Amino acid sequence: MSLSTGKPIKSLYMATSLDGLDSFIYRKLDLVKGAPARTCCATADTVYKSAAEALRAGDEERAFVLFMRYMEIHNQIRSKPEYKKDEKYYNSLLGMKKFEQALGVCERLQTDLKNRYALRLEEEEAKKLIEKQERLAKQEKHDKAAARGGGKAAVGKSASHTAVIPPAADATPSPAAAAADVETTISCTALNSLIKQESTSYLIVDVRPAADFADSRLVSRFVVSVPAEMVRPGVTAPALEAQLPEPSRQLFARRRTVDRLVLVDWSGSEEAGTPLDTLRDAMVKWDTAAYCARPVTLAGGYQMWLHTYPMLTTNPQARAPSTAPRQAEVPLSFEYPSLEEPTPPPAAGTAAAPSIDRSVKPSDPPAAGPSQPTVGDVDLDAATQRADDLLERIRNLRVRPSGGERLAWPPASTGNPALTQISRPQPASQPSSQPSSQSSSQPSKQPERAAGARSARPGVPSRALKPQLDESATRQLLELSKNRLEAERDWQRVRQSREQQLESEMRAQLQQKEEILLAEIQRLEKEQTAWEARQADLRADNEALRLRLAAYESPAAVTDGPAAESGSDGTASDRRLQELQAEQARVAEQLEAAQRARQRDQEREETRRRTEREAAARAEEDRRRRAEDEAKRKALEEEARRKRLEEEEARKRRLEEEEEAKRRKLAEEEANRARLAEEQAAEERRRRRAAAEEQRRLEEQERRLEEQERRQERRDGETHRAPLRGDGGGGGGRLKRSHSSPFIAGLGQEQAGAPAADRAPPAFSRETKPLVRTQRGDVQAARTRHFAPSYGSVAPALTGLKNLGNTCYMNAVVQCINNTPGLSEFFVNERYQDFINYDSELSRGEAAQELAAAVKVLWSGHYRSVALYDLKDVMGRHHGRFRGSAQQDAHEFLMYLLDFLHEDLNEVHRKQPLKEQENDGVPDARAAKLAWDDFKGSNRSFILNLFWGQHKSTLRCSRCGNQSVKFETFSHLSVPMPARSSRCSLSECIQLYMAGDTISGWTCPKCKSSIEATKRLDIWRLPPVLIIHIQRFYNDGLWRKKQSNVQFPLENLDMSPYVINKDARYRHHKYHLYGVVNHFGSMESGHYTAFCRAPNTGRWHKFDDHEVYQLNSGSVQSSAGYILFYSAIDGRL
């Protein structure tokens, strides 16, 4: 049996593993354990057919369950005592070839289902992992949006000289955070579910270039390509629709009415200025029509769809085009405030503060050397150079932050301007009028100060040029972790896809993709390592800046010491010191925030590693489970191989036993033939002895007659010795002899008119006397039979039949046969004696003689009821099924009885095998006649002429369409009943019979394929007596009976619409009903009766075993009708 059916394989729905199917396999087997072996065989055949049908329909789970159930029923049958008593018979019912086919199919289905369950489990795990990662990404995006909102607030605070109050906990979230809650994307898993379901309408708009769409696209009817070449800034959706070709235009027009509208490009990026963003704006902002659904973007784009569902694409080998990284760098939009502030006017009566020119550096300490300016113990030039180098490295960093923009710092200027100018902070009473966002794009205008108003002090780096190391570093670290996590996710998906694919080519491609992704992971790990090194450098530089600040504060304290005596100057110094301390505190807070971010990154890294370990543990568990499954499979294969070997040995033993049985049977037949020959020789000797004794008796009788004649002659001679008057000698008397006594000696002479002395006595030939030879059947026909009659005078053919113990099936059939027109006369007039075939292989003429004796008794009219002990004994001796008192099927008994009668009355004693029919190109009329003549050459009997017809069988190959036509004979029509119908007509049943059926395992003679074929039956000729069997019993795991009422005509049944041969010679087309076999009850218990129309009176009678009643014709039709007997109207053979 082939697994390739040409139909799609159904989805898994019954269980999640092979172990889950066990409950389905053993669900109904308890009903089979107590059933008879023959019923179990029928159940197994029905289960096998249902399994084959499920396999052809693509339902692998149901087919596996039914095949396993079939093999379990097969094993239970083999363990029953009935099977062990008659293995050959039950093996013929079961068919060992079916068991071998079922075993092979189960092995293949087990492998396929195991792989499919494993694939579905891995797919579900991958879906869960993807959904989890998408939730994490969405939460991370939400957190970043909230962090960006909070960061802007912090920047505003640092850009102002006034204190900024943080937002309350219940304040309205930022627009970025609110936008994160709106659904703008759809995952690949959700899109796949949307495509599979039919209740929701959708449209997928592919915005990739036309060449990429032609190379590979999603497999769906509702995908339309809007090429990226057509999507330009400012274009509207109606304009795009007008430019599309006609099929795409019709699909694109559905965008307003669908429930879900999905936009797809290569990456699924939401950056501004992309074709996908432009198309979304064209639909949302520049389309006058209303939309039922807001456009959403496929998360990860078409590239993610290729990795997740490569089987749902037209080309899974397609790759996204490589694009150059964007070089646009956006500088930070804020800077630190200026430290310059106007000098307050001197108070009245107070000495003016000394003027300090801060643009002039103090002379270098002698210990530092002439070429290296220092502040305290810190090398300012070296620290500045390191800071400049660090800023340059950060500008060249290729890793994007989470916001999609590159990190950018203000360009480094030569000469270190941060160290050449020190600005005094503005007083707190005069806050800056420009926001920080404007200070980045437009330099703040500071009041001009005279050079003499500045004092020479060591330089302090400008706060406006200090890089925001903490926030940018955090974003870089998060982005690096995200990229690495995404790469590892891709690698995981590729690994899972690689395990799912079975074809070697796809496995090689996935291997190549895996290597590429592993290289990408290694590259990202290297970049992360380099970034960590740069982060360490940034911390070191930050520490250096802090030291420089500390060094600046120390000389300031020394310088401001003499001026501390002045109240105003001391107050300014204290204020500056407080500001510097506050700045230092802010730097410390930023460092602490960076450490917290680093800690969070470490926690995420630990979570990722834990996830990897769990995935590795699951993979190890999967490998272990696969190993166990493989071990189980090997064990099952070994068990199956062992069973096959045992079955092969058992088959060999059975063959040997069958051969031995055949030899014993041949020996018994030889012995029987020898015994029969001996009996025939003894019978011949007995007949000869009887003939010899009869001959001797006749000779003795003749001898006594001759002796008597001689004595009579002597007496006659003495009487006529005295001459009479008128004779030649004495006295001329006129008296003649008296005729009162016979004159035998002279009788011939008197008749011939000659003297007796001139005639010789008559001669007798004893050898020519015929011998009486009796036939072999005379003894059987003349013997006394055991009818056990109940005497009483009844009308002919109205004698009942006694029930001998569940023999109602035989009584009903015999009553219908007894009322068959033509057949009763054939037996009553003993015409059958001329055709009895004592060499019949079925019953050697006994069945015909016993039925003839029964028909004679039934037509005698002397008995109210009789018992057919002898007919029951003959049928039981020649067919073991009818031995004993078990209930049997009336239809089955009728078929065997007709076969016995045909063979017992067959005029052909030596039958020849039928010829193989080759009807290709042969007209139907000629092919039918050749087949009928060939059949009649070995089968000629009165029973055949009465009950046998011919139909045309046509087999049509479902692959090549070839038709194979054969003409076959039939003795009855077995018609099915419509399913789920409580009332139907006989014509509907006949139409179902003519509709044909699908058979499997037929080998087409043309294409030589073992494939399904359609079989159709057409009636070619009908017999004088038509028997129609209604299929009331069916098997759906157990044998059951249909109680539907079948309406059948009592007169004028017209069969001409169903006969394809319109030749007038085959004239039997219209029939009258004369007999019905009824079955009342169910499959477990029932009773047979017969309704028959008497051929001599035309009245209907009910035959219920020994009871006979007259019946109204309106009561003949009932839901119990089982076998219908129709006779042709013309009645001619």
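E620 is partly exposed, with 43% relative accessible area. Its partner is R623: the two side chains form a salt bridge, with N and O 2.6 Å apart. R623 also counts as partly exposed, at 46% relative accessibility. Keep in mind that this is a predicted model.

Where do R623 and E620 sit relative to each other in helix α19? They are three residues apart there, so about one helical turn separates them.

In general, side chains of opposite charge can pair when their charged atoms come close. How many salt bridges does the structure hold? The count is 57.

Another one to look at joins E630 and K114, whose side chains meet with an N to O distance of 4.0 Å. Here the partners come from separate helices: E630 lies in α19 (residues 567–719), while K114 lies in α7 (residues 96–158), so the pair ties together parts that are 516 residues apart in sequence. Buried or exposed, what about K114? K114 is buried, with a relative accessible area of 17%, whereas E630 counts as partly exposed at 27%.

Then there's E846 and R877, a salt bridge whose closest N and O atoms are 2.6 Å apart. E846 belongs to helix α24 (residues 846–860) and R877 to helix α25 (residues 869–878), so this pair ties together parts 31 residues apart in sequence. R877 is partly exposed, with 41% relative accessibility. Salt bridges can also share partners, and that is how E683, E684, R686, R687 and R688 end up joined into one network.

## Cysteines without a bond

Now for the sulfurs. A disulfide is a covalent bond between the sulfur atoms of two cysteines. How many disulfides does the count give here? It comes to zero.

C960 itself is partly exposed, at 32% relative accessible area.

C984 is in no disulfide either, and its nearest cysteine sulfur, that of C989, is 4.0 Å away. C984 is buried, with a relative accessible area of 6%.

## A covered helix

Helix α22 spans residues 808–818, and it is mostly covered. How many of its 11 residues are buried? The answer is 11 of 11. If you want to find them in the structure, the buried residues include C808 and Y809 at one end of the list and I817 and N818 at the other.

## The whole protein

Stepping back, the protein has 29 helices and 26 strands. It runs to 1133 residues, and buried residues make up 40% of them.

What share of contacts between residues at least 6 apart in sequence join residues at least 24 apart? In this protein it is 74%. As for the surface, the protein exposes about 63100 Å², and carbon and sulfur atoms supply 52% of that.

Notes
Residues are numbered from 1 along each chain as its sequence is written. This is a predicted model: local features need pLDDT of at least 70, side-chain atom pairs count only at pLDDT 80 or more; totals for chains, interfaces and linings use all residues. Side-chain values use heavy atoms; hydrogens and water are left out. A disulfide is a pair of cysteine sulfur atoms within 2.5 Å. Buried means under 20% relative accessible area, exposed over 50%, partly exposed in between (1.4 Å probe, protein chains only). Helices (H or I, at least four residues) and strands (E, at least two) are DSSP runs, numbered from the N terminus. Contact means heavy atoms within 4.5 Å. Accessible areas come from the Shrake-Rupley method with a 1.4 Å probe; for residues, only the protein chains shown count as cover.
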